Amino acid sequence: MYNKYVVENNSSMKKILVIGSSGLLGSRIIEVGRDSYEMFGTYSKHKTDAENDYHLDSLNRKQTFAVVKEVNPDFVIDTHAITNLDYCETHPEEAWNVNFEGAKNIAEASENTGAKYVFLSTDNVFDGTKETYFETDKAHPLNQYGKTKVAAEEMLEASSIDFLVIKTAVLYGIGGIGKPSFATWLISKLENGEKVKAVTDQKNNPTFVDSLAASILKLCEKNARGIFHVSGKDCISRYEFSLQIAEAFGFGKEMVIPVSSSELNQVAKRPKAVNLGIGKVEKATGMNVLSIKEGISMFRKQIVI
Ligand SMILES: NC(=O)c1ccc[n+]([C@@H]2O[C@H](COP(=O)([O-])OP(=O)(O)OC[C@H]3O[C@@H](n4cnc5c(N)ncnc54)[C@H](OP(=O)(O)O)[C@@H]3O)[C@@H](O)[C@H]2O)c1
(Lines give C-alpha, C1' and ligand atoms only; values in the text may rest on other atoms or scores of the structure.)
Protein backbone atom coordinates (compact mmCIF):
# COMPACT_ATOMS: atom_id res chain seq x y z
CA MET A 1 0.00 0.00 0.00
CA TYR A 2 1.19 3.50 -0.82
CA ASN A 3 2.65 5.14 2.26
CA LYS A 4 0.22 8.06 2.38
CA TYR A 5 1.15 11.20 4.26
CA VAL A 6 -1.09 11.68 7.25
CA VAL A 7 -0.84 14.94 9.09
CA GLU A 8 -1.64 14.81 12.76
CA ASN A 9 -3.23 17.86 14.28
CA ASN A 10 -3.87 17.59 17.99
CA SER A 11 -5.75 20.85 18.36
CA SER A 12 -9.49 21.05 17.67
CA MET A 13 -10.18 20.91 13.95
CA LYS A 14 -8.91 24.11 12.36
CA LYS A 15 -10.15 25.48 9.05
CA ILE A 16 -7.89 25.80 6.03
CA LEU A 17 -8.80 27.59 2.80
CA VAL A 18 -6.65 26.48 -0.14
CA ILE A 19 -6.65 29.01 -2.97
CA GLY A 20 -6.14 27.00 -6.18
CA SER A 21 -7.41 23.57 -5.09
CA SER A 22 -7.95 22.76 -8.78
CA GLY A 23 -4.16 22.88 -9.22
CA LEU A 24 -1.47 20.29 -8.51
CA LEU A 25 -0.29 21.41 -5.06
CA GLY A 26 -3.67 22.74 -3.94
CA SER A 27 -5.42 19.45 -4.65
CA ARG A 28 -2.80 17.51 -2.67
CA ILE A 29 -2.94 19.85 0.33
CA ILE A 30 -6.69 19.18 0.48
CA GLU A 31 -6.08 15.41 0.25
CA VAL A 32 -3.23 15.24 2.76
CA GLY A 33 -4.96 17.51 5.26
CA ARG A 34 -8.56 16.29 5.03
CA ASP A 35 -8.48 13.94 8.05
CA SER A 36 -7.05 16.57 10.38
CA TYR A 37 -8.45 19.89 9.19
CA GLU A 38 -11.71 21.25 7.86
CA MET A 39 -10.63 21.89 4.28
CA PHE A 40 -12.07 24.41 1.80
CA GLY A 41 -10.79 25.15 -1.69
CA THR A 42 -11.14 27.49 -4.65
CA TYR A 43 -10.95 27.09 -8.42
CA SER A 44 -10.84 29.67 -11.18
CA LYS A 45 -11.16 28.15 -14.69
CA HIS A 46 -11.25 24.43 -13.82
CA LYS A 47 -14.31 23.68 -11.70
CA THR A 48 -13.75 21.06 -9.03
CA ASP A 49 -16.61 18.87 -7.81
CA ALA A 50 -15.75 19.19 -4.11
CA GLU A 51 -18.63 20.30 -1.93
CA ASN A 52 -16.48 22.80 0.01
CA ASP A 53 -15.04 24.55 -3.04
CA TYR A 54 -15.78 28.11 -4.15
CA HIS A 55 -15.22 29.91 -7.41
CA LEU A 56 -12.62 32.63 -6.85
CA ASP A 57 -10.81 34.87 -9.32
CA SER A 58 -8.02 36.56 -7.38
CA LEU A 59 -8.31 39.65 -9.60
CA ASN A 60 -11.83 40.17 -8.31
CA ARG A 61 -10.98 41.79 -4.97
CA LYS A 62 -14.58 41.98 -3.81
CA GLN A 63 -15.20 38.28 -4.50
CA THR A 64 -11.87 37.35 -2.86
CA PHE A 65 -12.73 39.24 0.33
CA ALA A 66 -16.24 37.74 0.35
CA VAL A 67 -15.05 34.11 -0.01
CA VAL A 68 -12.35 34.44 2.65
CA LYS A 69 -14.82 36.13 4.99
CA GLU A 70 -17.47 33.46 4.45
CA VAL A 71 -15.09 30.56 5.12
CA ASN A 72 -13.39 32.47 7.96
CA PRO A 73 -10.39 30.07 8.03
CA ASP A 74 -7.48 29.86 10.46
CA PHE A 75 -5.07 29.56 7.50
CA VAL A 76 -5.25 30.63 3.88
CA ILE A 77 -2.79 28.62 1.78
CA ASP A 78 -2.34 30.46 -1.51
CA THR A 79 -1.18 28.05 -4.22
CA HIS A 80 -2.69 30.09 -7.06
CA ALA A 81 -0.44 31.48 -9.79
CA ILE A 82 0.39 31.48 -13.44
CA THR A 83 3.21 28.94 -13.23
CA ASN A 84 4.30 28.61 -16.87
CA LEU A 85 7.60 30.52 -17.06
CA ASP A 86 7.50 31.10 -20.81
CA TYR A 87 3.87 32.26 -20.71
CA CYS A 88 4.77 34.73 -17.93
CA GLU A 89 7.62 36.04 -20.08
CA THR A 90 5.37 36.69 -23.08
CA HIS A 91 2.39 37.91 -20.97
CA PRO A 92 4.14 40.00 -18.29
CA GLU A 93 1.10 42.12 -17.46
CA GLU A 94 -1.18 39.12 -16.94
CA ALA A 95 1.54 37.39 -14.88
CA TRP A 96 1.94 40.49 -12.72
CA ASN A 97 -1.80 40.84 -12.23
CA VAL A 98 -2.38 37.24 -11.12
CA ASN A 99 0.89 36.50 -9.31
CA PHE A 100 1.32 39.86 -7.60
CA GLU A 101 -2.01 41.75 -7.53
CA GLY A 102 -3.98 38.51 -7.00
CA ALA A 103 -1.69 37.42 -4.17
CA LYS A 104 -1.99 40.89 -2.60
CA ASN A 105 -5.78 40.68 -2.70
CA ILE A 106 -5.75 37.26 -1.05
CA ALA A 107 -3.16 38.29 1.56
CA GLU A 108 -5.16 41.38 2.50
CA ALA A 109 -8.41 39.40 2.60
CA SER A 110 -6.67 36.96 4.98
CA GLU A 111 -5.50 39.78 7.22
CA ASN A 112 -9.03 41.21 7.17
CA THR A 113 -10.40 38.06 8.83
CA GLY A 114 -7.37 37.34 11.06
CA ALA A 115 -6.22 34.28 9.08
CA LYS A 116 -2.55 33.44 8.61
CA TYR A 117 -1.52 33.82 4.93
CA VAL A 118 0.73 31.18 3.36
CA PHE A 119 2.34 32.19 0.05
CA LEU A 120 4.00 29.81 -2.42
CA SER A 121 7.18 31.14 -3.98
CA THR A 122 9.85 29.57 -6.16
CA ASP A 123 13.55 28.85 -6.63
CA ASN A 124 13.26 31.10 -9.71
CA VAL A 125 13.66 34.10 -7.39
CA PHE A 126 17.40 33.23 -7.42
CA ASP A 127 19.90 33.62 -10.28
CA GLY A 128 21.78 30.36 -9.73
CA THR A 129 25.23 31.87 -9.14
CA LYS A 130 25.60 30.56 -5.56
CA GLU A 131 26.23 26.94 -4.53
CA THR A 132 23.34 26.67 -2.05
CA TYR A 133 20.61 29.21 -1.30
CA PHE A 134 19.30 29.76 2.21
CA GLU A 135 16.26 31.67 3.47
CA THR A 136 18.37 34.75 4.20
CA ASP A 137 19.77 35.01 0.65
CA LYS A 138 18.82 37.96 -1.47
CA ALA A 139 16.63 37.37 -4.50
CA HIS A 140 17.83 38.17 -8.03
CA PRO A 141 15.28 36.78 -10.50
CA LEU A 142 16.18 36.26 -14.16
CA ASN A 143 12.61 35.99 -15.48
CA GLN A 144 9.19 37.64 -15.19
CA TYR A 145 7.72 34.75 -13.16
CA GLY A 146 10.48 35.14 -10.56
CA LYS A 147 9.99 38.93 -10.52
CA THR A 148 6.27 38.61 -9.73
CA LYS A 149 7.07 36.27 -6.82
CA VAL A 150 9.80 38.54 -5.40
CA ALA A 151 7.43 41.51 -5.57
CA ALA A 152 4.79 39.56 -3.63
CA GLU A 153 7.36 38.52 -1.00
CA GLU A 154 8.50 42.14 -0.64
CA MET A 155 4.89 43.29 -0.31
CA LEU A 156 4.39 40.79 2.55
CA GLU A 157 7.64 41.77 4.30
CA ALA A 158 6.63 45.43 4.21
CA SER A 159 3.14 44.73 5.58
CA SER A 160 1.69 43.84 8.97
CA ILE A 161 0.24 40.59 7.53
CA ASP A 162 0.88 37.37 9.49
CA PHE A 163 2.55 35.38 6.70
CA LEU A 164 4.56 32.31 5.83
CA VAL A 165 6.49 32.11 2.53
CA ILE A 166 7.34 28.67 1.14
CA LYS A 167 9.97 28.56 -1.62
CA THR A 168 9.85 25.33 -3.58
CA ALA A 169 10.95 23.83 -6.91
CA VAL A 170 9.82 21.50 -9.76
CA LEU A 171 6.78 19.76 -8.28
CA TYR A 172 6.05 16.17 -9.24
CA GLY A 173 3.07 14.05 -8.28
CA ILE A 174 -0.49 13.41 -9.24
CA GLY A 175 -3.22 15.97 -8.80
CA GLY A 176 -4.93 18.99 -10.26
CA ILE A 177 -7.31 19.32 -13.15
CA GLY A 178 -5.66 21.87 -15.42
CA LYS A 179 -2.31 20.44 -16.51
CA PRO A 180 -0.07 17.45 -15.73
CA SER A 181 3.18 17.94 -13.83
CA PHE A 182 6.42 17.55 -15.84
CA ALA A 183 6.82 14.02 -14.44
CA THR A 184 3.32 12.80 -15.39
CA TRP A 185 3.73 14.40 -18.84
CA LEU A 186 7.07 12.58 -19.21
CA ILE A 187 5.57 9.22 -18.25
CA SER A 188 2.69 9.61 -20.72
CA LYS A 189 5.18 10.41 -23.51
CA LEU A 190 7.33 7.39 -22.66
CA GLU A 191 4.23 5.17 -22.51
CA ASN A 192 3.40 6.33 -26.04
CA GLY A 193 6.88 5.26 -27.14
CA GLU A 194 7.99 8.86 -27.71
CA LYS A 195 11.53 9.98 -26.87
CA VAL A 196 11.84 13.07 -24.69
CA LYS A 197 14.50 15.77 -24.64
CA ALA A 198 15.67 16.98 -21.23
CA VAL A 199 18.25 19.61 -20.37
CA THR A 200 21.54 18.80 -18.69
CA ASP A 201 22.40 22.39 -17.74
CA GLN A 202 19.48 23.40 -15.50
CA LYS A 203 19.58 21.96 -12.00
CA ASN A 204 17.18 22.23 -9.10
CA ASN A 205 15.52 20.19 -6.34
CA PRO A 206 12.52 18.20 -7.65
CA THR A 207 9.86 18.05 -4.94
CA PHE A 208 7.31 15.30 -4.35
CA VAL A 209 4.10 17.28 -3.98
CA ASP A 210 2.59 15.20 -1.13
CA SER A 211 5.70 15.70 0.96
CA LEU A 212 5.53 19.46 0.29
CA ALA A 213 1.84 19.49 1.27
CA ALA A 214 2.61 17.66 4.54
CA SER A 215 5.46 20.07 5.38
CA ILE A 216 3.29 23.13 4.73
CA LEU A 217 0.56 21.76 7.01
CA LYS A 218 3.13 20.97 9.71
CA LEU A 219 4.52 24.53 9.49
CA CYS A 220 0.96 25.84 9.87
CA GLU A 221 0.42 23.61 12.90
CA LYS A 222 3.65 24.94 14.45
CA ASN A 223 2.50 28.50 13.69
CA ALA A 224 5.76 29.16 11.84
CA ARG A 225 6.38 32.64 10.42
CA GLY A 226 8.65 34.05 7.71
CA ILE A 227 10.44 32.26 4.88
CA PHE A 228 11.10 28.51 4.51
CA HIS A 229 12.69 26.51 1.71
CA VAL A 230 10.69 23.30 1.23
CA SER A 231 11.86 21.01 -1.58
CA GLY A 232 13.42 17.64 -2.31
CA LYS A 233 16.93 17.03 -0.94
CA ASP A 234 18.81 16.45 -4.21
CA CYS A 235 19.75 19.15 -6.70
CA ILE A 236 19.83 17.43 -10.10
CA SER A 237 19.44 18.34 -13.75
CA ARG A 238 16.15 17.89 -15.57
CA TYR A 239 17.95 15.18 -17.59
CA GLU A 240 18.99 13.23 -14.45
CA PHE A 241 15.48 13.64 -13.04
CA SER A 242 13.94 12.31 -16.26
CA LEU A 243 16.34 9.35 -16.31
CA GLN A 244 15.43 8.43 -12.72
CA ILE A 245 11.72 8.56 -13.55
CA ALA A 246 12.21 6.53 -16.72
CA GLU A 247 14.15 3.90 -14.76
CA ALA A 248 11.58 3.73 -11.92
CA PHE A 249 8.76 3.23 -14.42
CA GLY A 250 10.63 0.58 -16.44
CA PHE A 251 11.62 2.58 -19.54
CA GLY A 252 15.04 2.47 -21.19
CA LYS A 253 17.63 5.23 -20.70
CA GLU A 254 17.76 5.78 -24.46
CA MET A 255 14.20 7.22 -24.32
CA VAL A 256 15.58 10.37 -22.65
CA ILE A 257 17.80 12.51 -24.85
CA PRO A 258 20.24 14.91 -23.17
CA VAL A 259 20.20 18.42 -24.63
CA SER A 260 21.53 21.82 -23.60
CA SER A 261 19.23 24.75 -22.84
CA SER A 262 20.38 26.53 -26.01
CA GLU A 263 18.80 23.72 -28.08
CA LEU A 264 15.31 24.19 -26.59
CA ASN A 265 14.61 27.85 -27.42
CA GLN A 266 12.93 28.49 -24.07
CA VAL A 267 11.63 32.05 -23.94
CA ALA A 268 12.21 32.71 -20.24
CA LYS A 269 15.77 32.75 -18.94
CA ARG A 270 16.33 30.05 -16.30
CA PRO A 271 18.99 29.91 -13.59
CA LYS A 272 21.63 27.23 -14.30
CA ALA A 273 21.55 25.66 -10.85
CA VAL A 274 19.59 26.54 -7.73
CA ASN A 275 20.10 24.24 -4.76
CA LEU A 276 17.69 25.12 -1.95
CA GLY A 277 19.12 24.63 1.55
CA ILE A 278 16.42 22.79 3.52
CA GLY A 279 17.89 22.61 7.05
CA LYS A 280 15.49 25.22 8.46
CA VAL A 281 12.31 23.32 7.58
CA GLU A 282 13.75 20.00 8.81
CA LYS A 283 14.53 21.61 12.16
CA ALA A 284 11.17 23.39 12.43
CA THR A 285 9.01 20.38 11.51
CA GLY A 286 11.14 17.43 12.62
CA MET A 287 10.31 15.89 9.24
CA ASN A 288 12.94 14.34 6.98
CA VAL A 289 13.22 15.89 3.55
CA LEU A 290 12.98 13.21 0.85
CA SER A 291 15.82 12.17 -1.44
CA ILE A 292 14.94 11.92 -5.13
CA LYS A 293 14.85 8.11 -4.88
CA GLU A 294 12.46 8.18 -1.90
CA GLY A 295 10.19 10.74 -3.57
CA ILE A 296 10.02 8.91 -6.91
CA SER A 297 9.35 5.63 -5.11
CA MET A 298 6.33 7.17 -3.31
CA PHE A 299 5.16 8.76 -6.56
CA ARG A 300 5.42 5.39 -8.32
CA LYS A 301 3.32 3.70 -5.64
CA GLN A 302 0.54 6.23 -6.31
CA ILE A 303 0.51 5.30 -9.97
CA VAL A 304 1.38 1.58 -10.00
CA ILE A 305 -1.03 -0.34 -7.78
N1 LIG B 1 4.79 23.56 -10.25
C2 LIG B 1 6.04 23.83 -9.89
O3 LIG B 1 7.00 23.15 -10.32
C4 LIG B 1 6.32 24.95 -8.89
C5 LIG B 1 7.65 25.23 -8.53
C6 LIG B 1 7.89 26.28 -7.63
C7 LIG B 1 6.83 26.99 -7.09
N8 LIG B 1 5.56 26.69 -7.46
C9 LIG B 1 4.44 27.50 -6.90
O10 LIG B 1 3.60 26.61 -6.19
C11 LIG B 1 2.24 27.02 -6.36
C12 LIG B 1 1.41 25.83 -6.85
O13 LIG B 1 1.89 25.42 -8.12
P14 LIG B 1 1.09 24.32 -8.98
O15 LIG B 1 2.04 23.71 -9.93
O16 LIG B 1 0.31 23.47 -8.06
O17 LIG B 1 0.11 25.27 -9.80
P18 LIG B 1 -0.98 24.84 -10.90
O19 LIG B 1 -1.17 23.35 -10.92
O20 LIG B 1 -0.61 25.53 -12.17
O21 LIG B 1 -2.31 25.48 -10.31
C22 LIG B 1 -2.48 26.86 -10.30
C23 LIG B 1 -3.79 27.19 -9.61
O24 LIG B 1 -3.97 28.60 -9.68
C25 LIG B 1 -5.34 28.85 -10.00
N26 LIG B 1 -5.46 30.17 -10.62
C27 LIG B 1 -4.84 30.63 -11.73
N28 LIG B 1 -5.24 31.90 -11.98
C29 LIG B 1 -6.12 32.23 -11.01
C30 LIG B 1 -6.85 33.41 -10.70
N31 LIG B 1 -6.79 34.51 -11.46
N32 LIG B 1 -7.63 33.41 -9.58
C33 LIG B 1 -7.69 32.32 -8.78
N34 LIG B 1 -7.06 31.18 -9.03
C35 LIG B 1 -6.26 31.14 -10.13
C36 LIG B 1 -5.71 27.73 -10.95
O37 LIG B 1 -7.11 27.58 -11.02
P38 LIG B 1 -7.85 27.05 -12.36
O39 LIG B 1 -6.98 25.95 -12.92
O40 LIG B 1 -9.16 26.56 -11.85
O41 LIG B 1 -7.97 28.22 -13.26
C42 LIG B 1 -5.03 26.54 -10.24
O43 LIG B 1 -5.86 26.04 -9.22
C44 LIG B 1 2.26 28.22 -7.27
O45 LIG B 1 2.21 29.41 -6.51
C46 LIG B 1 3.59 28.13 -7.98
O47 LIG B 1 4.07 29.40 -8.37
C48 LIG B 1 5.27 25.69 -8.34
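The structure is a predicted model. Helix H5 covers residues 144–157 and is mostly covered.

**Helix H5**

- Helix H5 has 14 residues, and at 1.5 Å a residue it should span 20 Å.
- Ten of the 14 residues of H5 are buried.
- Among these buried residues are Tyr 145, Val 150, Met 155 and Leu 156.
- Lys 149 and Glu 153 also belong to the buried residues of H5.
- The helices that the buried residues of H5 pack against are H3 (85–90) and H4 (92–113).
- The buried residues of H5 also pack against strands S5 (116–122), S6 (163–168) and S11 (226–229).

- Gln 202 lies in the loop between strand S8 (196–199) and strand S9 (203–204).
- The side chain of Gln 202 makes a polar contact with the side chain of Ser 261, at 2.9 Å.
- Leaving aside residues up to four places away in sequence, Gln 202 touches Ser 261 and several other residues, including Ile 236, Ser 237 and Arg 238.
- Gln 266, Arg 270, Pro 271 and Lys 272 are also among the residues that Gln 202 touches.

**Two residues with positive phi**

- Val 170 has a phi near 25°, which is a positive value in a residue other than glycine.
- Val 170 sits in the loop between S6 and S7.
- With a relative accessibility of 15%, Val 170 counts as buried.
- Asn 265 is not a glycine either, and its phi is positive at about 55°.
- Asn 265 is in the loop between strand S13 (256–259) and helix H9 (279–285).

**A nonpolar surface patch**

- Ile 174, Ile 303 and Val 304 make a nonpolar surface patch of about 200 Å².
- Ile 174 is placed in the loop between strand S7 (171–172) and helix H6 (182–191).
- The relative accessible area of Ile 174 is 33%, so this residue is partly exposed.

Note on methods
Residues are numbered from 1 along each chain as its sequence is written. This is a predicted model: local features need pLDDT of at least 70, side-chain atom pairs count only at pLDDT 80 or more; totals for chains, interfaces and linings use all residues. Side-chain values use heavy atoms; hydrogens and water are left out. Patches are made of residues with over 30% relative accessible area and no salt bridge: like charges are joined within 9 Å, nonpolar side chains (Val, Leu, Ile, Met, Phe, Trp, Tyr) within 5 Å. Accessible areas come from the Shrake-Rupley method with a 1.4 Å probe; for residues, only the protein chains shown count as cover. A salt bridge is a side-chain nitrogen of Lys or Arg within 4 Å of a carboxyl oxygen of Asp or Glu. Helices (H or I, at least four residues) and strands (E, at least two) are DSSP runs, numbered from the N terminus. Buried means under 20% relative accessible area, exposed over 50%, partly exposed in between (1.4 Å probe, protein chains only). The expected span of a helix is 1.5 Å times one less than its number of residues. Contact means heavy atoms within 4.5 Å. A polar contact is a pair of N or O atoms within 3.5 Å; within protein, one must be able to donate a hydrogen and the other to accept it, and residues adjacent in sequence count only if both atoms are side-chain atoms.
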